Amino acid sequence: MLIKNGIIVNADGRMSGDLRIKDGKIVKIGEALKAEEAEEILDVNGAYILPGGVDVHTHIDMPAGECMTSDDYSSGTKAAVMGGTTTVMDFAEYDEGETLQDGLDCWHKKAAGKAYCDYSFHMTVSGFDESIKEELARIKEQGITSFKAYTAYQDGIGVNDDQLFLILQQMKELGTLLCVHCENGDVLRCLQQQLKERDASDIKNHPKSRPNLTEKEAVSRVIDFAAMADVPVYIVHVSTKEAAEVIREAKRKGQKVYAETCPQYLLLDESRYELPDFESAKYVLSPPLRTEADKEALWEAVEDGTIDAVSTDHCSFWFHGQKDLGREDFTRIPNGMPGIETRMELMLHYGRKRGLTMEKLTELLSAKPAEIFGIYPEKGKLQEGSDADLVIVREDRPHKISAETLNEEVDYTPYEGFEVTYQIQDVFVGGIQAKKEGGWILKKPEGRFLTCR
Ligand code: URP
Ligand code: ZN
Ligand code: ZN
């Protein structure tokens, strides 16, 4: 197929021109390309052509306490593609008593034959001993080059300081990257207990139990541990001004720290916890939504390069039937929010409003995450030889975001009523058109597992 008359945008520049795709790859980019015999032509008439979005933080088909996330690989990746994301990197986990390999095998089964876009995994590590050490090397051989640790939830998935440090040393040994969820688990557990004793049904206790400094302290500790282990580290879902400052300072000193934030921390704030009738449960996630000042600081961190990537932390639970479980006890509300489908349109709209260029947005949404996690330039770049994952975006299509028209398998969107002007019109996944003029046309889920470098 020949896609004609687009503004082809990459993180490092743009050109007006045409792009030919064949056998799943971009085979030619140029000006005024001539159609080959019987070649299908799509004239995009001045629309942007962007590299498919790369969302490196999702939780699909994941157990969480008493619940299972509402999106499986079928609905989750369809929603991703409809929103312009053509690669997801999901967190694979293992249960107590299982090996990492058990967890990875389980995640492969969840995704195989169901994913509508290419995918890979970060493997969660929830402890450290000799057998885990050996497994990390074996998991790496299977194309998983990033792992994840939590500095909270020590009663389950979380790790202690000694385990964290040993995992980081092992990352150094293997040349792999650790993603870290940074909150001080001990402090937030104490605060949760104290607040629960006062009024367990008050959702405002959720953000109160996780103040900014629980994140800042953990980010700072993790960065220092990474320095002591002499290894890069990736901080997930940065939500506070204080944590952004710590990361900025570490980068300024030359430490290799990568950081990610999410649209919810740039666009929503803690006033959502004031909503009546349990509505605020929709916004219970960790870390929680913060203040206007935090939002502003995070935008500045995005602008000055302190933040490298904007991912979603998509972790969807039904409002009716799952979030409900915590009506009498805020600690039982499953933590997480949907967002896999809305990331690109929201970030293009609000990013442009902030003055970010399309190139910078492409860097944040596709190129840099692909590069950090070893799948660039097959993903995250429009160039000859790269995968034909493309998004055609119109900038003059005002519309309102609504759960009614989204494909995420969940009964709400945190962005209900948000007005955006950028619209994802067409999406190609591996050279095959999945979205055409706003509608879904892909027949089969042919997403492939990506081995990362
Ligand atoms: O509340 C959240 N973010 N749930 C998903 C798991 C995590 O901590 O990233
Ligand atoms: Zn997290
Ligand atoms: Zn997460």
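With angles of 87 to 131 degrees among its four donor atoms, the zinc ion (ligand 3) has a tetrahedral site (four donors count as tetrahedral if all angles lie between 85 and 135 degrees; four count as square planar and six as octahedral if opposite donors are over 155 degrees apart and all others between 65 and 115; anything else is irregular). Keep in mind that this is a predicted model: local features need pLDDT of at least 70, side-chain atom pairs count only at pLDDT 80 or more, and totals for chains, interfaces and linings use all residues. Residues are numbered from 1 along each chain as its sequence is written, chains are lettered from A and ligands numbered from 1 in the order in which they are written, and side-chain values use heavy atoms, with hydrogens and water left out.

**Zinc ion (ligand 3)**

- His-57 (NE2), His-59 (NE2) and Asp-313 (OD) coordinate this ion at 1.9 to 2.1 Å (donors are N, O and S atoms within 2.8 Å of the metal, or 3.2 Å for Na, K and Ca; water is not among the atoms, so sites may look incomplete).
- Along the chain, the donors of the zinc ion (ligand 3) are spaced H-x1-H-x253-D.
- His-59, in the loop between β6 (53-58) and β7 (63-64), and Asp-313, in the loop between β15 (309-310) and α11 (343-353), link distant parts of the chain, 254 residues apart (helices, H or I with at least four residues, and strands, E with at least two, are DSSP runs numbered from the N terminus).
- His-59 and Asp-313 are buried (buried means under 20% relative accessible area, exposed over 50%, partly exposed in between, with a 1.4 Å probe and protein chains only).

**Zinc ion (ligand 2)**

- The zinc ion (ligand 2) sits 3.7 Å from the zinc ion (ligand 3).
- Its coordinating residues include His-181 (ND1) and His-237 (NE2), at 2.0 Å.
- The site of the zinc ion (ligand 2) is irregular, with angles of 58 to 148 degrees among its four donor atoms.
- His-181 lies in strand β12 (residues 177-181) and His-237 in the loop between β13 (233-235) and α8 (241-252), so the pair ties together parts 56 residues apart in sequence.
- Both His-181 and His-237 are buried.

**Helices α8 and α10**

- α8 and α10 (residues 292-303) pack at about 25 degrees with their axes 8 Å apart (axes are lines fitted to C-alpha atoms, for helices over the stretch in contact, and angles run from 0 to 180 degrees between N-to-C directions).
- That makes α8 and α10 roughly parallel (angles under 35 degrees; over 145 is roughly antiparallel, 65 to 115 roughly perpendicular and the rest oblique).
- Residues of α8 that meet α10 include Lys-241 and Arg-248, and those on the α10 side include Asp-294 and Leu-298 (contact means heavy atoms within 4.5 Å).
- Lys-295 lies in α10 and, at 13% relative accessibility, counts as buried.
- Arg-252 lies in α8 and is exposed, at 60% relative accessible area.

- Most residues other than glycine have a negative phi, and most peptide bonds are trans.
- Ser-286 to Pro-287 is a cis peptide bond, with omega near -5 degrees, and Pro-287 is in the loop between α9 (263-267) and α10.
- Tyr-376 and Pro-377 are also joined by a cis peptide bond, with omega about 5 degrees.
- Asp-277 has a positive phi near 55 degrees and is exposed, at 68%.
- Phe-278 has a positive phi near 65 degrees, but counts as buried, at 10%.
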